[in-house]
Structures are given as C-alpha cells and as structure tokens.
Amino acid sequence: MILKGFRWLRNVGVLGMNRRNAEYIMRLNPRSSFPLVDDKLKTKKLAEAYQIPTPPLYRVIERHGDLARLEEMLGDHQDFVVKPARGTGGSGIVLVTGRTEGGFIKQSGEVIPTRDLAYHISDILSGIYSLEGLEDRAFLEALVRPDTVFDAVIYRGVPDIRIIVYRGVPVMSMVRLPTRVSDGKANLHRGAVGVGINMRTGATLSGVYRSGVVTHHPDTDKPLTGIQVPHWETMLLFAARAVDMINLAFLGVDLVIDRDRGPLLLELNARPGLQIQVANQAGLLRRLESVDKAPPEILARPETRVAWVLETFATPF
Amino acid sequence: MKRPAVLLAVALLLISFAVISYRVIWLKYPIFPPVRTKVWQLSMEAHVKGGERETSAMIGLPSAYRGQLIAEERIHSGTLNFNLLREGPNQIGIWSGAVSPRGEVIGYSATIQIKPPRSYKTRTPPLGLYPPNVEKKDQALARRLVANWDPLPPADRLRRIAAAMRGYWGTPPPDQDLQVWSAFRDKQGRLTAFLVLLRATGLPAQIVEGLPLAESVTDSTQTWIEVWTGQEWESLQPEKGEIYQPPVPLLPLTTNGLPVIRVINGELSEVRWTLNRGIISQWRMQFDRIMRSDRFLDRWSLFRLPEEFQRTFRILILVPIGALMICLLRNIVGFPTFGVFLPVLMALAFRNTGLAYGLGIFWGVVLIGYVVRRWIDKLRLLLVPRLSVILTLVIICITLFALAGNKLGLREFMAVGLLPFVILTMTIERFFVITEESGAREALWTAAGSAGVAVITYGILELEPLQLTFFVYPELLFAVAAAQVFLGRYTGYRLLELLRFRKFWRSS
C-alpha cells in the first residue's frame, strides 16, 4: 500500500520534501547566496541593479531610537507596508491603508495607535520575526494596489504570484490569494488559496486551500479557474532573469502586479514550498527533469529560456 | 552525489563491525552480553596452623586454562600476605607470613564459566619422559604390551589401554609378561602404571588434580589423567580406568602432577571446597577479565570508568539512538517535532520523573506557559526580556511542582527539577509562534510529535539489554552514525506526503 503510493507519486513526478532538500536546495543553492534572499532589503537593492522593478522603498529603520520620530519619518505617505527585512512566511508584515488622528488604519479596518505601531517595529528590530532571532531591520515600502483582474477572488490584501525557477527556467507557478482566514496574507500555510497557472497561456487552473483542491474562492465563492494573469510573459522574463542576479539554481520568485506600475518583484525564496504542485495538479520533479534534458543552448539567455517554456509546457502535465 | 555519503556510511559500518569482530574473536567477548549464562561458584576455606618460622600455604586455583573463564575472584587472607604465581598452566595462590598461635583462616572464591571444548584451541603437547623411578626393563615391558596397538589411531589406543587396565587385553599378552606387569602395577600404583603404558604407546599425558563439577562441599580433591589424542585432551579416571564422556564434569586446579595443596612450615586443616551452580549475565563474566586485561581495547573499555560515571555513560551512549528515531520520524514519516534535542532531553528527564508524571508535567508547563505567553504578548516585551520572563515562569512552575510533590509525598514531582528548563522555555515560545502562524492544530501536532518521540526514546533508553550491549561495544555508535548518514541521504517520499498529495492522487 505504502510502496504503491510512493510509486504513484514518483510516476506522477511529485517532488518530495527530502528530495527537494537534498537534491535541489543543498546541491544547487550555495549557502553563500542565502543572505541575499533572506534579507528583503538586499534583494531589493540587487533587483534595482538588474532593472527588475520592486515596490518603491520609503524608509529603512535600523535603530530603536528612530521610532520616536516615526510620524515625522513617514512624511506625507498615506498608505504603506511595514516589513521586517529578514522575516519569514509573511510574519511581522503590517499593511497600512490610511492615517487618522494619532494612529493608522490597518488593512483590516482596525485602527492601530502610533505607539503600538512603533512597538511593532521595535519587535522587528529586536529580531522577533527574523530567522534565528537575529537583530533585524524594518522597512516601509509602497502599498501595492493589486490589478483589478483579481478583484472577484480576493477577500482583502494583495495576491502575489509565485514562480518556481529551475536553472533559470520558470517551471511552475501559482497565484496566491489572501482569504479571511489568512488575514490578508498570501501565505498558503496561513490559509491563503493557491491557484495553479498554465505556463503557456498564463490562465489560472484549479486551486489548493488548506490541503484540499478547490475550484471556487472560499470567501467570495467566485470561480478560480480561467482568470488571465496580466503581464504574463513579462513576469516569466523577470523570473528567468532572477538567476542572473543570484546564484541559486532552485528558486521561488514572488511577484505582485500593481495596477499602475505593473509586475514588481517582491522577494526571492531559496526554499520554495511544495504545495504549488497540488495547486497545479502536476509534479515538479517531471518538469525539473525535462529542463535537465533540454538542449544546453536554450539555457544561455533569459529570452530563450522563456521561449522554450512557452513552447514546451504548452499542455499541463 | 550520493556516493561519498554512502562510502562514509559503509566505512562507519565496517569500522563498527571490525572492532566488534576483534573483540568477539580475539578478546572473547560475548556476542550478546545481556544473555544469561550458567556458571559455577567456587569457594575454598581453610585453617592454617603455623610453626616457629614463616608459613607458606600454596594452593592451586582455577586458571583461565583451556577456555574456562574466571571472574569475580575474591581472596581472604587475614593477616597473611597473598601472592599469585603462574606456573605454566597453573595458577598458584600463595598465602604467607607469620601465623598467630590461634591459626589463620584463608579463603578464595570465584565465578567460573566452563566453555565447550571446541571453543578453544590447544597445541599438540610434546611427548614427555617416562615417570621417574621406572626402570628400563619395565619400560621395555610396557612397549611390548602395547606394541600390537601401534597402527591404531590415538583415541583407539587410549581406549585399548583403558580396557587393559580394567583387565581386558583383547589378545592377552604372554602370561609371564602379564604377571610381571601386575607386580609392577601393584608396586608403583595404577596412576604410574597408566602413565607408563600411555608413554609406551606414544600418547602425551598428564596428571591433573581438581574437583568434580557437581554441587558439593568436599574436603578433598580428585586426581585424574588427561591424555592427548591428537585433537583434544581426554580425561581418564585412573582407579576405574574409565574415560569421561564430554562435557567432562571436572574442574582442574593443577596440572603436570603438581599437588593442589602444599604447605611449608605449617599445616592446613579443615580445607573445604564448595561448588554451586549459578546464573549470571555474560557481561559480568567479562567485567573482571576486562579490569585485569592489559589489551588496548580492554584498557580503553568503559568498564574501566569509576562506577558512578559508568551509570551515566550507559544512558548517554544510547542518546544517539534517540536522535536516530527523530531522524526517522521527521524524514521518513514526516512528523514535526520541536527541534532535535527537546525529545531526547525530555526522555532523559523521564528517567527520573517516570513516564506518566513526566508527560503530565511537560504538558502542564507548556500549557501554563502558553496561556501566560499569550497574555504577555499584549505587553510587547522585547525578545530577550520576554524569553527571560517565560524562563522565570518555567522555573516557578517547576518549583511549585516540587513543593506540591513534597506535600503529597510524590518523589516524581520533586524530580521535576531535572526537566530541561531551557528547552521548555523555547518550546513555549515555539508553541506560541506556531499557534499564531499556522494554527493551534499544527502546534498541537508538533507537540504531540515531540512527546511521541520522547516516549519512544525513553523506551529505548530504558532497555537494559540495549544499554549493556552498547556499553560493552561502544563502537556500535559508528553503526548508529552510519544509519544517520544513510537517512541523511534518503531522498524518497515521506509517509505523510502520501496524505499531503492524496487529493491530487484522487483526481488523476
């Protein structure tokens, strides 16, 4: 029974956690590159150098002392996002949509007093949300206003697009839609919905919510399938170019689509999760193996890599 | 990519296997140390009376002769000095000194394991001389008597001679020879007569003095003859001319005709030999031998540690198996645990608190900690002070448990101080963070996984046969490391991934 199950997973080409860690992350992703992806500010700087757009940076806060001048530092920005530079899994992120007397309006509609926001940033600085509890930096960046195409299928918050890139080739992707449960965050383990994307057309497939397959959004009950993701080829190109920035052969690239600015790079992930396979109802391993078999010349440039994907992954498999 | 890891694992296994083989084959360690084995408990007591000058009592003691294993030797020497002297295969205990007018009691006891005869090797002994005081004509007579049997194999020659001593000659020799031989036998005694015949037919033989192996208390020893029949020593009862069937029920004390008891300037009275059957575990037989051996591995054995540290190491040496269990649970099953160390440290603490109390206290502290942590979250304390508060809370909880245990008379509650408090603190923090980030379900799963591994690890640590085996063969740790390396290269699916991807299994 168990062996039969394992054989089935292998035949479908599902990538398991052990193989992901040993054969892809440990073998292909050098540790020395991790600091660049673990620190969102470093990633941002790097992306700028490679002309990949990111959400505009407002402020970097490095010292507890700066917090006394928080209001002053914000200038006249009405909406913004607070993020820990080294946060994981969306923890420590606060979306502010407006300001009121003596406080800020969170995306949930709740008002957070200035003092509490300062405490939150102070928590970030002392490393509560950072990997290994190291001291951290906080930064404020522009709040992304998501493209209207997703309006029907988001409860609140900003959906993002995760593309898995292997040796520079985008191999699988999904849209992550926040739900009421996930509190506006786009992380699957917090309860966001992941919806697979047809790599050639950029149209959505079915979704994964918790660990089950879904076809409708759990909050809005609108169909998830068949939504055309805008700027699809541009995003594939950004993802393909991420490898030129950083020496990681197995990479998760997270993008958002701003209705004014277009696709923006949010962050990179050296240990992308495996639920994306359920969203796409397809195994990653098979796609990774097909990249390994691809002619070497197509791997040379981002444009040829994207062209190869559009041609090869025409049908979901 | 897999190759170096596999090579390392195989190398570790080989090291482990080689050292164990060396111990078993050359140092004669028991393969399964916890297995119980039958032994004999021997004890000797005697009363020494002295004269004017210094008295010496020399008594043959059992030696590690032909594979018998001697352990737990105890000497009682009163005011006398005791020395151990090795003479060939014999081990002679010498009690010496000035004996008080009232005499002196001396004693010896040991545990002896008799190994089956095939388990040891003996070299062919040289053919000795005829016994002294045997004239040339008697030697020639003996040669004539046994000449017929020369073509027979040694074992058969022995049987013919034994039969002849009982009076059955087969084809009887001439009457005249027989008469001379009878006279010689009566004059020299059956023992010498036997030795002369055996020498004449070319079989090496020796006189052995010892005790019959039976539960008994006796004041005298027995004498028998051992004859080399090409492959092994066979034992012969000289009075009746009977050959003992293996396993030979005799315990040799001295060989080569040396008397068991010799006393200079004094006398030994009330000598009492006691033999009892006993059953002890094999490692106890090893213990003494290892303590005395000067072989490298014996000198570096864990048995050489002082007793109080040995107890620690018997447990410590099993901890890597606990870690191996965690590897299995996490990488093969896919079950989450709070880190690698928490379950192992908890298992160690359970040894003092007991399983039920230990688990109860663990859950109690984590839940109290969680409630307080939730409340503290509102205070927005900085990371390090916040962890310090939780640590203090954990210590307060543990102290209260101990005090309550004292009032209720529950020792297990008082042993709570040995719970790994730092780990408990981190667990409360992790439990809270997982609850916040991934929900209470995930946090409870992780806590249950940790508790499960702790229980399994506790079970392993408490397995006495396993403790013993690892204590006798610490090189098994290399084998454990090999298993860990193998697991480290397991890139197959986890059991719980079947569950995780089952939806998409159904749909296709």
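**Notes on the two-chain model**

1. Start with Val165(A): leaving out residues up to four places away in sequence, Val165(A) touches Pro170(A), Val171(A), Ala239(A), Ala240(A), Ala242(A), Val243(A), Leu251(A) and Val253(A). Contact here means that the C-beta atoms, placed from the backbone, lie within 7 Å. Keep in mind that this is a predicted model, where local features need pLDDT of at least 70 and side-chain atom pairs count only at pLDDT 80 or more, while totals for chains, interfaces and linings use all residues. Residues are numbered from 1 along each chain as its sequence is written, and chains are lettered from A and ligands numbered from 1 in the order in which they are written.

2. Val165(A) also turns up in the largest nonpolar core, which has 70 residues; Val165(A), Val171(A), Ala239(A), Ala242(A) and Leu255(A) touch the most other members. Helix H7 (residues 232–245) of chain A gives the largest share of this core, eight residues. A second, separate core has 52 residues, including Ala46(B) and Leu236(B). (A nonpolar core is a set of buried Ala, Val, Leu, Ile, Met, Phe, Trp, Tyr and Cys residues joined through C-beta atoms within 7 Å; buried means 20 or more other C-beta atoms within 10 Å of the residue's own, exposed 12 or fewer, and partly exposed in between.)

3. Have a look at Ile257(A) too, in strand E12 (residues 250–258) of chain A. Ile257(A) counts as buried because it has 26 C-beta neighbours inside 10 Å. Its C-alpha atom is 10.0 Å from that of Pro55(A), 202 residues apart along the chain. (Helices, H or I of at least four residues, and strands, E of at least two, are DSSP runs numbered from the N terminus.)

4. Over in chain B, helix H10 (residues 341–353) and helix H15 (residues 440–461) pack at about 50 degrees, with axes 8 Å apart. Therefore H10(B) is oblique to H15(B). (Angles run from 0 to 180 degrees between N-to-C directions, with axes fitted to C-alpha atoms over the stretch in contact; under 35 degrees is roughly parallel, over 145 roughly antiparallel, 65 to 115 roughly perpendicular and the rest oblique.) Among the residues making the contact are Phe350(B) of H10(B) and Tyr458(B) of H15(B).

5. As for chain B overall, there are 19 helices and 14 strands, and 32% of its 508 residues count as buried. Of the contacts in chain B between residues at least 6 apart in sequence, 77% join residues at least 24 apart.

6. Finally, the contact between the chains takes 24 residues from chain B and 30 residues from chain A. On the chain B side, helices H14 (421–438), H18 (495–500) and H19 (502–507) are the elements giving two or more residues.

Key. Two residues are in contact if their C-beta atoms, placed from the backbone, lie within 7 Å.
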